[in-house]
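Here is a quick briefing for anyone opening this structure for the first time. Have a look at the sequence and the model, then read on.

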Amino acid sequence: MTDPHPSAAPAVGTQPEEADRLRLLLRDPAYQKALVFSAVIGVPVSLVAFWFLAGLHQLEHLLWAALPHTLGWDTPPWWWPLPLLTVSGLAVGLIVTHLPGAGGHIPAAGLHSAGMAPAALPGVVLAAAASLPLGATLGPEAPLLALGGGLALLFRDLARAPASERSTALLGAAGAAAALSTIFGNPLVGAVILIEVAGVGGPQLFAVMLPALLSSGVGSLIFTGFRRWTGLPTGSLSLKPGVPFPRLDLGDVLWSLPMAVVIAAGVHLALATGRLAALFVSRRTVVHTAVCALAAGACAAVYALAVGRSPADVASSGQAVLAQLAKDPHAWSVGALVAVLLCKGTAYALCLGSLRGGPTFPALFLGAAVGVLLAPLPGLGVIPGMAGGMAAASVAALRLPVSSVVLVALLLGSVAMTPVVILAAVVGFVTVELLPPGRSVPPVGKPAVQPAGRTATTP
């Protein structure tokens, strides 16, 4: 008997169309439950992420502002980073050696979408707390990714929800996106970053990103309200340039191309050096981590002695200093800009391979500083220089071109610089892809053991 409606279903042995596959997936009760659970976990993940960031911010303020002021200094003295980063290196080395999960991903390897097993969360939190407030030239986004994904899996296990490879991927991405929305100040950035970090396409892309976008949006709402209720600052990527946005001209566009090549190559060199530092650390973890951290502190001390500014310009993520640079770029002399680029770039490379944190914030600052330094070139303005510099540096550090464009555009709060941002991101991305990749990051520390039948890896 022949089928009177041969087009009603795909032929045996053929794959359904992409749209049909997505429609079937959205009708799947298990996937619908995952969406609901993603919205629910956005609340506790964002609350934990808020307190995590607020705690880091308060501890950093205590060590770099309140304590020096109490001891009679308006700014930390030049030697201040040396003991703090030595302690940081020793603490991180011990955490990496003795706790599951090695304190999180090595920053020199870039951002990862892999959710940490719940057993690794204490090490991730402690390593970040021992790195970032004590002066590591890194940002908090990588620990937030690991924390958010790990918490989502932990809540899944506490709720005794069924575990599968797909649900682990969905919930890990959702938790990571909810956590990222707290630091980037916008749920869209977290979702876009997860799109590119996951590296998937077709229906699987939507399958992973719908829970991530939903959880990120809920998390952003909770985070915004909770920050207002407590009055505690956590820091965010938000710039208020002290000079007006100009109209782009041909000089801005043309200068952004070679500038993007130079900046991307410089950040690529820092990452390659960070991977060499990671290899050095893997041989004698505790001692060599302390040596790298002390060397990063020495970079901050040399900078403070050379230009008479605070060593916190170098021994920090660059988040607060970036806002100061954008607000008053003319307050930085040429010598100060050159010194901060050399010293912070070296400290960044050392911390990438030894301490724990993320690569985004320092890269953004370095790119912006190059843009300000080159702004006197004929036809190049300060704001276009900063915009192109941040885009090139961000894409070189993250290897995520779309995320870098969205991040810099939202960071500037204006679409006026979008053409320069896109051109610089594309040129920077092509540059780093054509350069030799260098060594891979060696495994260190104790692995986090996931319960049988469960996996902590998101696509």
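Trp 73 comes out as partly exposed, because its relative accessibility is 31% (buried means under 20% relative accessible area, exposed over 50%, and partly exposed in between, with a 1.4 Å probe and protein chains only). Keep in mind that this is a predicted model, where local features need pLDDT of at least 70, side-chain atom pairs count only at pLDDT 80 or more, and totals for chains, interfaces and linings use all residues. Residues are numbered from 1 along each chain as its sequence is written, and side-chain values use heavy atoms, leaving out hydrogens and water.

**Aromatic rings**

- The structure has 5 aromatic pairs (rings of Phe, Tyr and Trp, the last by its six-membered ring, pair if their centres lie within 6.5 Å; planes under 30 degrees apart are stacked, over 60 edge-to-face, and the rest tilted).
- Trp 73 and Trp 79 make an edge-to-face pair, because their ring centres are 5.7 Å apart and their planes sit at 80 degrees.
- Trp 79 is partly exposed, at 33% relative accessibility.
- Trp 73, Trp 79 and Trp 80 form one aromatic cluster.
- Trp 332 and Phe 365 are a tilted pair, with centres 6.2 Å apart and planes at 55 degrees.
- Trp 332 is in the loop between helix H11 (319-327) and helix H12 (334-354), while Phe 365 is in helix H13 (residues 360-374), so the pair ties together parts 33 residues apart in sequence (helices, H or I of at least four residues, and strands, E of at least two, are DSSP runs numbered from the N terminus).
- Trp 332 is buried at 7% relative accessibility, and Phe 365 is buried at 0%.

**Helices H9 and H10**

- The axes of H9 (residues 250-283) and H10 (residues 285-307) come within 6 Å and cross at roughly 140 degrees (axes are lines fitted to C-alpha atoms, for helices over the stretch in contact, and angles run from 0 to 180 degrees between N-to-C directions).
- That makes the two helices H9 and H10 oblique to each other (under 35 degrees is roughly parallel, over 145 roughly antiparallel, 65 to 115 roughly perpendicular, and the rest oblique).

**Cysteines**

- The disulfide count is 0 (a disulfide is a pair of cysteine sulfur atoms within 2.5 Å).
- For Cys 292, the closest cysteine sulfur is in Cys 351, 8.7 Å away and too far for a bond.
- Cys 292 is buried, with a relative accessible area of 4%.
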